Amino acid sequence: EALLDDIEANRSSELTHQLASFRSMLIHDLEPKQFADLYAQTLAYGMFAARYHDPTLPTFDRDEAARLIPQSNPLLRNLFQSIAGYNIDERIKTTVDNLAEVFRHADVKSILEGYGKKTAQTDPIIHFYETFLAKYDAKLRKARGVWYTPQPVVSFIVRAVDEILKTKFGLKDGLADNSKTTIEVEATDLQTQSSQLSKRKGKLYGTKEIHKVQILDPATGTGTFLAEVVNFLYQSKFKNLQGIWPSYVEKDLIPRLNGFELLMASYAMAHLKLDMLFGETGCNQRDQNNRLRVFLTNSLEEYHPDTHSLFSQWLSNEAKEANTVKKDTPVMVVMGNPPYSVSSTNKSDWIQNLVQDYKKDLNERNIQPLSDDYIKFIRYGQHFIEKNGEGVLAFITNNSFIDGLIHRQMRKHLLETFDEIYILDLHGNSKKKETAPDGSKDENVFDIMQGVSINLFIKNGSNITRPGDLGKVFKADLYGKRKDKYATLEQTDFKNTAWEQLAPQTPEFLFLEQDFESKNIYSELPSLQSIFHQSASGIKTERDDLTVQIDPDKLNLIKEDILKLDIEDFRQIHTPKKDGRDWKISTARKDIQENSPIMVDVNYRPFDVRKTLYTGKSKGFMAYPRHETMQHLLKTNISLLT
């Protein structure tokens, strides 16, 4: 409310400056309400982290909280101090102090005790973030693709990557490998100036040593995958080597664990989760200057320059360190659960250009599904592995890319990049009403309708040695009830999964087992498009609730109102949605004014005939009336719907 007051009064305040900083460096379309959420999350989760580290339970206030947020998370520490410290906005002071009082009555460390021994949905971090978010703002949860990754899925992926590093790359220690490599970086990024500098395109370059097996989760959420890497290494290798573990963590593990996250709350909880896990495994005296390499940044964007205010300086430092990973770090393992969102808001030129590789020569009318966030993240991970020259990309994602017609260039591009592709299809697509092969129930491992798959992409030079070579594809399927899928994933390793090699063929390159004899017969038959002179997909209104009506009088009222009412008044009465790219009230009005609409019957659904106004003009009252085809149906005629 304080922020909205400042904006409405056009007041230049610390709050409005902070909003501007977040917009310029992190989320460009950040709305004031979203920023208020982010602000509240910083306060609440900052206090949560501070209280966890509080050794004096009887006392706690916001000043103490600012001191207790660990230095291993410099951004949260600085932001919290800025908005809740000495310069706190007087309008929120009482609220923040009340929040501190609530925490004073809670022993957060005891509440979270036993983290790391928990499984599936009993993880307390999940309760304090993702379960909360589902209740607090379900739409935000859906928009950001926030879905908790079940522990058995995470465990399978981490164990698979470890096995792949050992067997496909000859690294006997797998994920525990601490070998180093030398990379070239700009001299400005070197902590100490080397005498061995070279000049190229006006810039000085030097070399530095870095760990070879760099791990990145580009959509880290609350840090589930990074935490599982830590837990797996501790349990499988270091549990009985307590004397070595703390030193290994500081020198050879933290420098290799990288995470990117866009939401403040999950970013704060990822830091807390890793802090807790290191503490519970015996690293109680961590070097607080050795920051955890989980960064608040937009994975799908490049680095943003500093705008030179103190507040933006902290964001800029965070962006700069994240940029070191994006620009210079030789990432060998990319893993995680990227967000699923067809209506993606990630539209920076950089990622759009990368995804363009998946859209070449498609000649399809609708390629919108190729803009889904999960596809952008696959292309993003592919970019890192290509840049490094070798590595593993391990994601659980929407499985539509396996056989989607418009995904054929994506599949081809993946085959041209990766030597081996392993897909464990977990199915569970309730949209397709999937069942197990024996007809029994098939459930999703998430609470979503779209089927998913675990995808392991390996680039090691074993199959692709010259242009034109394609990688090999292996697939396995897992059907059944959710609990049975979890059990199978917990008990199965990469090496003993029943992989079957596929033979993808041009032009679709389907990642499916195929009956090529039947396919050849089918492909010899004429297509529907070759039989008919004219075809199109159905009309697209973009505003069904407005443009299609059962009652013709209601439709006439809408026509009258769009012509006479002010645009905002019309919106309030008839279509509270914002204008979109293909439908605007102003262009709908102009269409009605200029193009003499006629009221016609429309087959809204099978056996459901309604009324609509039709002019045939695109991006008018209808977004896409498909007039070239539909004009033939304005009179008695015959058409085939398939």
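**Group meeting: a helix, an aspartate and a surface patch**

The buried residues of helix α17 are covered by elements that include α16 (373–388), β9 (420–427), β10 (452–459) and β11 (472–477). Please bear in mind throughout that this is a predicted model.

Helix α17 itself spans residues 408–417 and is mostly covered, with eight of its ten residues buried. Which residues of α17 are the buried ones? They are Arg 408, Gln 409, Met 410, Arg 411, His 413, Leu 414, Leu 415 and Thr 417.

I turn now to Asp 177. This residue sits in the loop that lies between α10 (151–168) and β1 (180–186). Asp 177 is buried, yet it has no salt bridge. How far away is the nearest side chain of opposite charge? That side chain belongs to Arg 256, and the distance is 6.3 Å. The side chain of Asp 177 does make a polar contact, at 2.5 Å, with the side chain of Ser 179. If neighbours within four places in sequence are set aside, Asp 177 is in contact with Leu 171, Val 213 and Arg 256.

My last topic is the surface. Leu 528, Ile 531, Phe 532 and Leu 640 make a nonpolar surface patch of about 380 Å². One of these residues, Leu 528, is placed in helix α20, which covers residues 528–531. Is Leu 528 buried, partly exposed or exposed? Leu 528 is partly exposed, its relative accessible area being 42%.

Key
Residues numbered from 1 in each chain as written. Predicted model: local features only at pLDDT ≥ 70, side-chain atom pairs only at ≥ 80, totals over all residues. Heavy atoms only, no water. Helix = DSSP H or I, 4+ residues; strand = E, 2+ residues; numbered from the N terminus. Buried < 20%, exposed > 50% of the residue type's maximum accessible area, 1.4 Å probe, protein only. Lys, Arg positive; Asp, Glu negative; His and termini not counted. Salt bridge = Lys/Arg side-chain N within 4 Å of Asp/Glu carboxyl O. Polar contact = N/O pair within 3.5 Å; in protein donor to acceptor, adjacent residues only side chain to side chain. Contact = heavy atoms within 4.5 Å. Patch = residues over 30% accessible without salt bridge, like charges linked within 9 Å, V, L, I, M, F, W, Y side chains within 5 Å. Areas by Shrake-Rupley, 256 points an atom, 1.4 Å probe, with all protein chains shown as cover.
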